[in-house]
Amino acid sequence: MKRIHADSFAPKYQSGKWSWDKNTDRLHFQEHFDLEDANERYIDTNGYKFLRSINQEEEMIFRQVFVRSDTTYDADTVVINDVRDLVLFMMPKEFLSMKFVEFMHAPPVHRLIHALIIYFEYYLRLVEFVLIRRDELAGNMAQVQSEQTNEMKRIFSANLSQYRMLVARNYCHIIMGEGNMSKFYHTKPIVNISSKIKDKFFHEQFLAVATQIVWITMHRRAYYVIEMEMNRLFRSEHFLMNRSEYLKFSPVECSLLYGKNKKMVNYRAQCSPMVQELTHVADEDLPILWIGERKYRGNDRRISEIELEYIVPGPQLRMIDIAHGILGHPKRLYNTILHLDWPEVRFSNFSEQHDPYYLIRQPHLRIPNINEMHLRRMSQKYEQFFKIFRIYEPYNRELLVKWVERDKIINYYRSGGVLHNIFMRCEKQLISDEDRDVPKIIHNYFDVVSKFRKKTNIFLADASHHKDGRTYKVKGDDHFFS
């Protein structure tokens, strides 16, 4: 990643001026707090203030202490964990609890955020399409819509509902407390008493962090559109704030964006849009509920496209020519806070013929076949026997404690703590008298190197039985790299 600040030296006096103090008869440094008080310093999300930018000292601390390690898989590529770590570093200090940090590192939450990114990638394209059509239908040169245009809109709306269904499926695994998520369930198992106040604040914090993650992943564009839709998805339109920055959609545009399953009732009996999607699932859309759990077997092209888009990891998205924001892009194209570095993009010599990351080309909506919905109803599907799973990066308690004590670590380095680079760490180890286990050091080295080299004749089905071929470990219902 590129540095925001060119110099790696963090001065003791950040910004200010020198003046002569007559009382003490010496020079006095008066700091400037314009950066902290400016609107560009923070961004408000659901009532919480997140950092929008970081200064030079914060950048050094983040890069050396909190950034994802180079020994992990695909360390040179932007993945969801990179965006999550950046948001955890920029979020308010009241979010720093062990329960919330562990929740954000849980694999079911990773799957939910992944589904949200896919949904908002398609949602933003559809909103742009709606705004363009709004301009085309207004004014003296208004265009007449044909029946084929209306049918195409219905297909677009159905496709968006399918992504919404995928988000709802992953969200229900969390709110129902299945598997490893039972520790975060709001009701205590024995006394069966709900912690409503704690769960309310926990839910608000997760919505704010999820909004920030999706916004940064989408190249930091259409913030208010993302915030409005995120709150509508997890609550309902009854609880949306009336802000001037939010877009106003007509009833026809709402039917296109929100789907045919949207139903507004009294707020006391209102369900969230995600629950409404799961209560009205069409027969041809039932295989979507198995995506990511079992391999789809059938000839429905639409289901196969959604499955391919969901199960392919971020670093390999360019192989299937799909864009999910900044996921899968090389880190050399971005700076520390994941802003796109356009000079580096220009030197990469991308063109319309060679643009694997959709930086020159613009993501667009594919014009569907008019008979697509009819063909989907006639498609055949078979029993799904083959189970599939995703392997996640492991996390330990040491990592969680580091995030919980984020402010303490930052204050320590600000008060004079030394940021150790690789040379200083090596000198410290040589000076110390601790015993160094050479075979253990060699073993750890080969474990790290093996992540960057392809292995031959490794079968995941047999990896759990053969000690030499083990590539992952199972913890509960999830799989982690060993």
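Tutor: Strand 5 and strand 7 run parallel and are joined by two bridges. Strands here are DSSP runs of E with at least two residues, helices are runs of H or I with at least four, and both are numbered from the N terminus. Two strands count as paired if DSSP finds at least two bridges between them. The model is a predicted one, in which local features need pLDDT of at least 70 and side-chain atom pairs count only at pLDDT 80 or more, while totals for chains, interfaces and linings use all residues. Residues are numbered from 1 along each chain as its sequence is written, and side-chain values use heavy atoms, with hydrogens and water left out.

On the side of strand 6, strand 7 (residues 478-481) pairs in the antiparallel sense, over four bridges. Here K473 stands opposite F480, and V474 has H479 as its bridge partner. Taken together, the three strands make an open sheet with mixed pairing, in the order 5-7-6. Strand 5 (391-392) and strand 6 (472-475) are the edge strands, each pairing on one side only.

Strand 6 and strand 7 also form a hairpin, with two residues between them. In that turn, G476 has a positive phi of about 70°. Most residues other than glycine have a negative phi.

Next comes the question of cover. In a regular strand the side chains alternate between the two faces of the sheet. Strand 7 is covered on both faces: D478 and F480 on one side, and H479 and F481 on the other, are all buried. Buried means under 20% relative accessible area, exposed means over 50%, and partly exposed lies in between, using a 1.4 Å probe and protein chains only.

Helix 5 (residues 107-136) packs on this sheet and touches strand 5 and strand 7. A contact means heavy atoms within 4.5 Å. The direction of helix 5 makes about 95° with that of strand 7. Such angles run from 0 to 180 degrees between N-to-C directions, along lines fitted to C-alpha atoms, for helices over the stretch in contact.

Helix 5 also carries rings that pair. F120 and Y123 both lie in helix 5, three residues apart, which is about one turn of the helix. An α-helix has 3.6 residues a turn, so residues three or four places apart point the same way. The ring centres of F120 and Y123 are 6.0 Å apart and the planes stand at 80°, so this pair is edge-to-face. Rings of Phe, Tyr and Trp (its six-membered ring) pair if their centres lie within 6.5 Å; planes under 30 degrees apart are stacked, over 60 edge-to-face, and the rest tilted. F120 and Y123 are both buried.

A second pair leads out of helix 5. Y122 and Y163 form a tilted aromatic pair, 5.2 Å from centre to centre, with 45° between the planes. Y122 lies in helix 5 and Y163 in helix 6 (residues 147-175), so this pair ties together parts that are 41 residues apart in sequence. Y122 is buried, and Y163 is buried as well. The structure as a whole holds 24 aromatic pairs. Elsewhere, ring pairs link Y48, F50, F95, F100, F103, Y171, F184, F202, F206 and F234 into a cluster.

Of its 482 residues, 43% count as buried. Among contacts between residues at least 6 apart in sequence, 71% join residues at least 24 apart.

Helix 3 (residues 80-90) is largely enclosed by the rest of the structure, because 11 of its 11 residues are buried. Among the buried residues of helix 3 are D82, R84 and D85.

D25 is not a glycine, yet it has a positive phi of about 60°. D25 sits in the loop between strand 1 (16-21) and strand 2 (26-31), and it is exposed, with a relative accessible area of 54%. D74, also not a glycine, has a positive phi of about 55°. D74 is in the loop between helix 2 (56-66) and helix 3, and it is partly exposed, at 34% relative accessible area.
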